[in-house]
Amino acid sequence: MNKNNANFAPLTPVGFLRRAAETCPDKIAVIYGEQRYNYKQFYQRTCRLASALKKRGINRGDTVAVIASNIPAMLEAHYGVPMLGAVLNPLNIQLDSKTISFILQHGEAKVLITDCSLSPRIQQALAMIENPPLVIDIKDNNCKDGELLGELDYEALLAEGDEDCDFSEPQDEWQSACLLYTSGTTGNPKGVVYDHRGAYLNALGNMTSMGLNQNSIYLWSLPMFHCNGWTFTWAVTAACATHICLRKVDTAVIYQLIKKHTVTHMCGAPIVMNMLVNAADDIKTKFDHTVELATGGAAPSSTVINSMEKIGFRITHLYGMTESFGPSLVCSWKQEWSELDADERVGKMARQGIRYVTSEKVKIAHPDTLQEQPWDGHTVGELMLGGNTIMKGYLKNTQATDEAFRGGWLHTGDLGVRHPDGYIEIKDRSKDVIISGGENISSLEVEQALYKHPKILEAAVVAKPHDKWGESPCAFVTLKQGEVASSEDIINFCRDELAHFKIPRTVVFGPLEKTATGKIQKFLLRQQAKELE
Ligand code: ADP
């Protein structure tokens with residue numbers, strides 16, 4: 001028996017769009033302001049993109065970079081580029097020009113599709129490159145005249161292509177589909193390479209975990225440049241659901257869109273939940289339905305989960321990283337939790353959960369011996385993942401790839417425990433753990449305690465060098481608008497919540513610096529803590 005065209009087809013997320021165009025051509029696929037595309041038009045536009053790029057000499061394996069916020073062109077690139085067998089390289093819109101130029105060169109981009117609202121930075125980046133890529137501008141109401149950098153604009157490029165295309169890519173499902181650079185807090189970012197098969201599977205994992213179906217309305221509050229929007233760029237299409245594009249995460253606009261379009265699903269880092277919960281009452285447009293919100297990228301506090309539930313959101317907690325196509329674990333809801341009191345229930349939900357249906361292997365293990373730790377909720381180990389939704393490797397970096405895959409597992413660098421019910425709970429990142437007098441302190445546990453303080457909006461805890469104890473916890477907090485509190489208030493509050501040795505010895509007030517994806521930049525805080533006194 002052999003594999004043949006009747007019994008085998010390479011898995012690719014592009015197939016989801018072909019199916020949607022075939023089976024629900026008139027269904028609204030994309031909404032952006034007043035703009036609407038149905039699935040037939042969406043597919044035709046991606047065909048035009050693929051064939052226009054082909055006419056311009058782009059072939060299988062070539063890199064096409066895109067830097068844009070969550071606008072329709074960004075979504076179209078998620079189909080048009082891999083359809084051609086080329087590799088999509090979405091860039092974080094908040095990167096500085098030097099990093100952008102590094103990525104374009106390292107990834108050998110042949111084309112850069114760029115949102116004209118970013119022109120000044122992109123211009124600087126391009127000036128640093130000896131052989132710059134072909135530049136295509138996406139024009140929008142956000143552009144003023146004279147800011148176009150490239151040879152032509154995106155719509156003119158589409159006009160060069162054919163809407164009836166018939167590409168037979170990928171030829172192999174292991175072919176590269178995307179290239180994503182991780183933020184890299186020190187040194188140059190690493191280029192994570194995804195294959196078509198993994199992208200297909202992870203998207204289906206999302207669809208199952210979040211219950212997406214053809215009635216779903218998905219609001220793009222999570223950046224598409226981050227792990228392809230955690231692969232929801234493909235999951236929403238797989239479900240024949242509707243994408244609502246959103247240029248900027250603006251709390252008032254999000255509330256209005258939820259109401260106007262009866263949004264059923266959205267994703268966001270815990271910071272997005274914080275923004276929604278703490279928004280002023282006059283911008284919180286009321287809605288009567290429940291919105292399923294998937295959160296991840298950092299641990300949400302039980303407090304914020306609780307507050308979100310009260311205003312109409314149902315939270316699902318996901319865990320993942322760029323190397324795992326975004327989400328790999330989901331805190332799947334268990335019926336018996338509904339009988340628990342609110343604190344206990346949200347405590348269960350704040351755990352990172354069990355593996356996705358499409359994710360093959362997960363364990364909490366000793367980082368050196370790789371021996372699995374007991375499922376006792378206490379013994380800490382490193383979270384390791386494996387299976388078909390793990391990156392191919394880092395581009396041009398065999399050493400880092402081998403290191404990440406040591407012993408046949410992806411080493412996440414996250415430390416956690418496994419509870420007797422099989423649910424995983426992350427305690428910290430290995431480099432974020434605080435070791436005080438030989439005892440490990442989970443920075444997440446201290447942060448969870450701080451979030452219970454009614455005046456605290458945001459909190460992050462890092463190690464501060466300490467003469468006697470080696471390290472001590474140092475808390476950085478932002479208070480809610482108009483609130484006042486002293487270090488003593490905060491420290492006293494923690495006395496009721498935490499064991500003595502875990503109580504922060506220092507409290508610093510002020511805004512917390514974050515990455516484009518809402519992660520608090522702990523390495524900056526660690527430096528700051530070191531320099532205190
Ligand atoms: P980086 O932040 O290093 O650029 P990613 O954006 O890929 O990388 O983030 C992955 C990391 O985010 C994980 O290794 C983990 O530390 C953290 N993370 C993701 N989801 C969660 C979660 N639900 N709870 C706690 N931490 C999380």
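## Layout and ground rules

Which domains does the domain assignment of the protein give? They are domain 1 (38-195), domain 2 (249-430) and domain 3 (433-531), with bounds that come from an automatic or database domain assignment. Taken over C-alpha atoms, the centres of domain 1 and domain 3 are 40 Å apart.

Please keep in mind that this is a predicted model, in which local features need pLDDT of at least 70, side-chain atom pairs count only at pLDDT 80 or more, and totals for chains, interfaces and linings use all residues. Residues are numbered from 1 along each chain as its sequence is written, and side-chain values use heavy atoms, with hydrogens and water left out.

## Aromatic pairs

How many aromatic pairs does a search of the whole structure find? There are 9. Rings of Phe, Tyr and Trp (its six-membered ring) pair if their centres lie within 6.5 Å; planes under 30 degrees apart count as stacked, over 60 as edge-to-face and the rest as tilted. One of the pairs joins F16 and Y200, which is stacked because the ring centres are 4.9 Å apart and the planes lie at 20°. F16 belongs to helix α1 (residues 14-23) and Y200 to helix α7 (residues 196-210), so this pair ties together parts 184 residues apart in sequence. Helices here are DSSP runs (H or I, at least four residues), numbered from the N terminus.

F16 counts as buried, at 8% relative accessibility, while Y200 is partly exposed at 21%. Buried means under 20% relative accessible area, exposed over 50%, and partly exposed in between (1.4 Å probe, protein chains only).

F42 and Y79 form an edge-to-face pair, 5.4 Å centre to centre with 80° between the planes. Since F42 lies in helix α2 (residues 39-55) and Y79 in helix α3 (residues 72-83), the pair ties together parts that are 37 residues apart in sequence.

## Charges over rings

Two lysines are worth a look. The charged end of K3 sits over the ring of F8, 4.3 Å from its centre, and K190 lies over the face of Y394, 4.7 Å from the ring centre. The criterion is NZ of Lys or CZ of Arg within 6 Å of the ring centre and within 35 degrees of the ring normal.

## A helix crossing

Helix α11 (residues 270-278) and helix α12 (residues 302-310) have axes that come within 10 Å and cross at roughly 50°. Axes are lines fitted to C-alpha atoms, for helices over the stretch in contact, with angles running from 0 to 180 degrees between N-to-C directions. α11 and α12 are therefore oblique to each other; angles under 35 degrees count as roughly parallel, over 145 as roughly antiparallel, 65 to 115 as roughly perpendicular and the rest as oblique.

How values were computed: Helices (H or I, at least four residues) and strands (E, at least two) are DSSP runs, numbered from the N terminus.
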